[in-house]
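The briefing is arranged by topic.

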Amino acid sequence: MSKKYVAEPFRIKMVEPIKMLTREEREKKIKEADYNLFNLKSEDVYIDLLTDSGTNAMSQEQWAGVMKGDEAYAGGSSYFKLLDTAKEIFDYKYIQPVHQGRAAEKVLFPVLLGEGKYSISNMHFDTTRAHVELSGARAIDCVVPEAGDPAKRVPFKGNMDLEKLEKLIEKHGSEKIGVIVMTITNNSAGGQPVSMQNIKKTAEICNKYDIPLNIDAARYAENAYFIKQREKGFEDKSIKEIVKEMFSYADSFTMSAKKDTIVNMGGLLGIKNNEELFQKLKARTISYEGFLTYGGLSGRDLESLAIGLREGLNEDYLEYRIGQIQYLAGRLDEAGITYQAPAGGHGIFVDAKDMLPHIPYYEYPGQALAVELYKEAGIRTCDIGSYMLGNDPDTGEQLEADFEFTRLAIPRRVYTQAHIDIMADALIAIKEKAQKVGGYEITWEPEILRHFQASLKPIDGE
Ligand SMILES: *Cc1c(COP(=O)(O)O)cnc(C)c1O
């Protein structure tokens with residue numbers, strides 16, 4: 001079932017050397033890092049799949065833009081270039097640059113949420129959940145049940161469960177729901193896309209109950225590509241047309257530009273037309289991010305972001321991008337390795353529960369597989385499961401995640417087919433000795449977003 005690799009629509013002009021340590025050296029390094037992959041030095045990593053966030057390779061046009069960045073404190077030309085580009089793509093009246101996605105969340109969410117309120121999402125990303133909780137509100141996930149079955153192949157596994165959404169609104173009272181967040185693609189469910197139909201229907205429910213709809217837009221271009229590939233009626237639409245329609249259904253968006261906008265740092269906040277809301281957000285932006293025309297970024301960042309917005313929507317690029325991930329998925333299919341299928345937009349989410357069935361959720365199978373991938377081939381990945389989910393904020397007890405994934409997030413325009421084959425070969429090798437892989441326990445953890453900082457040790461005490 002192997003899929004042909006879609007050749008890169010670019011050639012390489014600058015190289016960054018990487019080195020591979022011996023297995024012995026890697027075992028030592030990961031132990032010193034308290035079995036937390038975020039603690040590793042990147043120079044000790046051979047293939048870095050920790051995240052696709054900010055790890056993108058910029059184009060020659062973007063680097064040229066870096067030189068042209070206007071570093072004025074106020075009213076720089078790079079700001080206006082970004083504004084014009086973003087307004088053209090999203091058709092929103094108000095666009096605010098911020099330094100990354102969570103900054104947009106920090107500026108927006110406390111205005112919509114607070115004590116006693118709820119945010120409902122097809123799935124909250126970890127920082128999104130954190131900002132909902134920091135405001136005093138609670139985050140409720142409402143993804144379609146198919147998302148919980150990695151082996152079940154449906155085209156839009158990231159969708160909102162519309163029936164459940166209405167039930168939740170009725171249960172808590174619409175006045176208690178401060179915002180509904182549509183995450184496209186649905187990162188925590190495996191980079192799974194959301195259909196146009198589902199975005200539209202969610203917006204109808206929001207209108208019915210008078211609740212604002214916010215798009216968490218980190219991977220909106222990949223979502224648009226999947227809609228074009230998989231949803232009836234969109235085959236002949238351009239990616240730009242699809243994007244415009246997706247955003248037309250929402251009232252606002254928060255965006256990490258470190259993903260589909262192919263830069264290393266940046267974010268956007270968009271407000272369709274609510275001037276009163278935008279006035280409040282402007283004041284908050286100045287306090288947290290800096291003056292409005294730079295929003296926590298350098299002029300050069302604004303310039304490369306404006307260029308990246310367009311490059312991220314290029315269809316040849318998107319075909320290669322998604323094709324690279326589908327090629328890896330095809331190799332795993334041949335080897336009988338389960339992952340969140342069909343493959344999503346930005347990586348492969350290996351079903352660690354299936355590969356390591358002897359490790360219970362409270363011994364973190366996703367994390368165990370991530371550590372093993374590093375030991376095996378110097379590949380750095382991360383857990384998207386109970387280890388990342390953390391504890392119940394009310395009871396302090398370990399929550400059981402719907403999935404136990406190990407995420408291989410693929411940076412954009414960075415790795416080649418040979419690197420992808422190394423990933424597949426490493427997973428196949430681990431599958432063959434899966435019984436020998438043990439679970440982990442946490443020896444120290446901070447209160448919030450613990451997976452970034454926690455210390456762990458193997459249960460078997462090795
Ligand atoms: C990355 C991401 C964020 C947070 O963005 P940062 O730029 O990392 O702060 C929010 N939501 C989703 C879906 C993301 O993937």
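The model is predicted. In it, 15 residues surround the ligand, and the closest of these are Arg102, Asp216, Arg219, Ser256 and Lys259.

**Shell around the ligand**
- By residue class, the shell divides into two nonpolar, seven polar and six charged residues.
- Helix H4 (101-112) and helix H5 (126-134) each supply at least two residues of this shell, and the largest share, three residues, comes from H4.

**Polar contacts and burial of the ligand**
- An N or O atom in the side chain of glutamine 100 lies 2.8 Å from an oxygen atom of the ligand, while at glycine 101 a backbone N or O atom is 2.9 Å from an oxygen atom of the ligand.
- Asparagine 187 places a polar side-chain atom 3.1 Å from an oxygen atom of the ligand.
- The ligand taken alone exposes 370 Å², of which the protein buries 97%.

- The buried residues of H5 are Asp126, Thr127, Thr128, Arg129, Ala130, His131 and Val132, and what covers them includes H4, strand S3 (118-121), strand S4 (138-141), strand S6 (213-216) and helix H15 (386-389).

Conventions
Residues numbered from 1 in each chain as written. Predicted model: local features only at pLDDT ≥ 70, side-chain atom pairs only at ≥ 80, totals over all residues. Heavy atoms only, no water. Near = heavy atom within 4 Å. Polar contact = N/O pair within 3.5 Å; in protein donor to acceptor, adjacent residues only side chain to side chain. Areas by Shrake-Rupley, 256 points an atom, 1.4 Å probe, with all protein chains shown as cover. Helix = DSSP H or I, 4+ residues; strand = E, 2+ residues; numbered from the N terminus. Nonpolar A, V, L, I, M, F, W, Y, C, P; charged D, E, K, R; others polar. Buried < 20%, exposed > 50% of the residue type's maximum accessible area, 1.4 Å probe, protein only. Contact = heavy atoms within 4.5 Å.
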